[in-house]
Amino acid sequence: MEGTPTLHQTLVALGSVLVGLAAGWAGRWLFGRLEQRAQRTPWAGDEALYAALGETSLAGFAVTGVWAAALALPLRDHVRSIVDASLLSLIILLITVVCARLTAGLIRAYTRQRPGVAGSSSIFVNITRLLVFAIGLLVLLQTLGVSIAPLLTALGVGGLAVALALQDTLSNLFAGLHILASKKVQPGDYIQLDSGQEGYVVDINWRNTWIRALPNNMVLVPNARLAQAIVTNFYQPEREMSVLIEVGVAYGSDLEQVERVTIEVAREVMRGVSGGVPSSDPFIRYHTFNESSIDFSVILRAKEYTDQYVIKHEFVKQLHDRYLDEGITIPFPIRTIGFVEPGRDGADPHRNVAASSGRSGTPEEGADGGRSGS
């Protein structure tokens, strides 16, 4: 039916739009409350569902209200076809957005609850969103009467050219997928590369791996470079690690006493420092007769990599105080340097004589410690 709309038709169309907006706001509020309640449940899938529906409920009900208003108005045939096609396209886009957000939310929830699978979700979320939007676009074109078969053929032929043009990007993408699939490096791990960069892995996206260094700055490593690097993962196969501290004592020390005192201090540190492992049993191993000391290693345990710094800090302080109380000496090397001036014997003025012990020489003394003749 064509012509000027009557008052009844106008009121029905206006009421449809208002009802659609009101229903949209009500749906948004309802899904928001459901999302808050879903946050207290152990499964995160319902939270992703309510979040996806709540973000698009207002637009969805508004489009439905406008479509109902268009059906109530006496529009011309070609105008109605344009309105119907436009509104159908909007509905397909909204459904695509809901599916993309829902799928991304489910993948993010799954990966966060399964740290052994992949702690990073951004690369999988981005790929999933891209696939869902591509499918939605194809459905939209097919609905509008556009044949997608030639488009798929063109995409297949042009895929080779695109792959050659995006060779670096695709190599980083597949390298990131390989890193996550191998489960050797996961977000949250503390790693060190053979090039020297180290820190916590924050995320592995489609191009780079984000590493937060201890100074709290970000290091971006291309995925392809990370896949080829020699990586030390301090969180694999477990987070606990041994902490070695080198100590030296004087040759006149009682080694049994040194061992007993050192282990007592180490046990106190393991129990008193939050990063220590109280159940571990520290031990020492003598290994070197050095120039001025007998050296040994103290082996402690830390809960994770960064805990070793506070463990070393407290251990050195407490061991130093305890050695002072027990009379145990930590030696340091002493060298005496003698300088020789040219004398009647024709000594070379540029030759220095270094002795490991004895009285220091002065410019007025000879090599034998006596005073040179003038």
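## Ground rules

A residue counts as buried when its relative accessible area is under 20%, as exposed when the area is over 50%, and as partly exposed in between (1.4 Å probe, protein chains only). This is a predicted model, so local features need pLDDT of at least 70 and side-chain atom pairs count only at pLDDT 80 or more, while totals for chains, interfaces and linings use all residues. Residues are numbered from 1 along each chain as its sequence is written, and side-chain values use heavy atoms, with hydrogens and water left out.

## The overall picture

The protein has 9 helices and 10 strands. Both are DSSP runs numbered from the N terminus: helices are H or I with at least four residues, strands are E with at least two. Of its 374 residues, 33% are buried.

A contact here means heavy atoms within 4.5 Å. Among the contacts with a separation of 6 or more, 63% are between residues 24 or more positions apart.

## The largest core

Now for the inside. A nonpolar core is a set of buried Ala, Val, Leu, Ile, Met, Phe, Trp, Tyr and Cys residues joined through side-chain atoms within 4.5 Å. The largest one here has 29 residues, and Phe296, Val298, Leu300, Phe315 and Tyr323 have the most contacts inside it. At least two residues each come from β6 (241-249), α8 (255-272), β8 (294-302) and α9 (307-326). The largest share, 7 residues, is supplied by α8.

Leaving aside neighbours within four places in sequence, Val298 is in contact with Val243, Leu244, Ile245, Val247, Thr262, Ala266, Phe283, Ile284 and Phe315. Apart from this core lies another, of 12 residues, including Leu173, Leu180, Ile191 and Val221. As a rule, nonpolar side chains in soluble globular proteins tend to be buried together.

## Strand β8 and its partners

Strand β8 is largely enclosed by the rest of the structure, because 8 of its 9 residues are buried. Two strands pair if DSSP finds at least two bridges between them. On that basis β8 pairs with β6 in the antiparallel sense over 9 bridges, and one of the bridges joins valine 249 to isoleucine 294 of β8.

Strand β7 (residues 283-289) also pairs with β8 in the antiparallel sense, over 6 bridges. Here threonine 288 has aspartate 295 in β8 as its bridge partner. β7 and β8 form a hairpin, with 4 residues between them.

## Helix α9

Helix α9 has 20 residues and reaches 28 Å from its first C-alpha to its last, close to the 28 Å expected at 1.5 Å a residue. That expected span is 1.5 Å times one less than the number of residues. Buried in α9 are Asp307, Gln308, Ile311, Phe315, Leu319, Arg322 and Tyr323. They cover an arc of only 100° around the axis, so they sit on the same side of α9; the arc is that of the directions from the helix axis to the C-beta atoms.

What covers these buried residues includes β6, α8 and β8. After α9 comes glycine 327, with a positive phi near 75°.

## Two residues to look up

Threonine 56 lies in helix α2 (residues 45-72). Threonine 56 counts as buried, at 9% relative accessibility. Not counting residues up to four places away in sequence, Thr56 touches Val97, Val98 and Arg101.

Serine 279 sits in the loop between α8 and β7. Serine 279 is exposed, with a relative accessible area of 70%. From serine 279 to arginine 301 is 22 residues in sequence and 9.3 Å in space, C-alpha to C-alpha.
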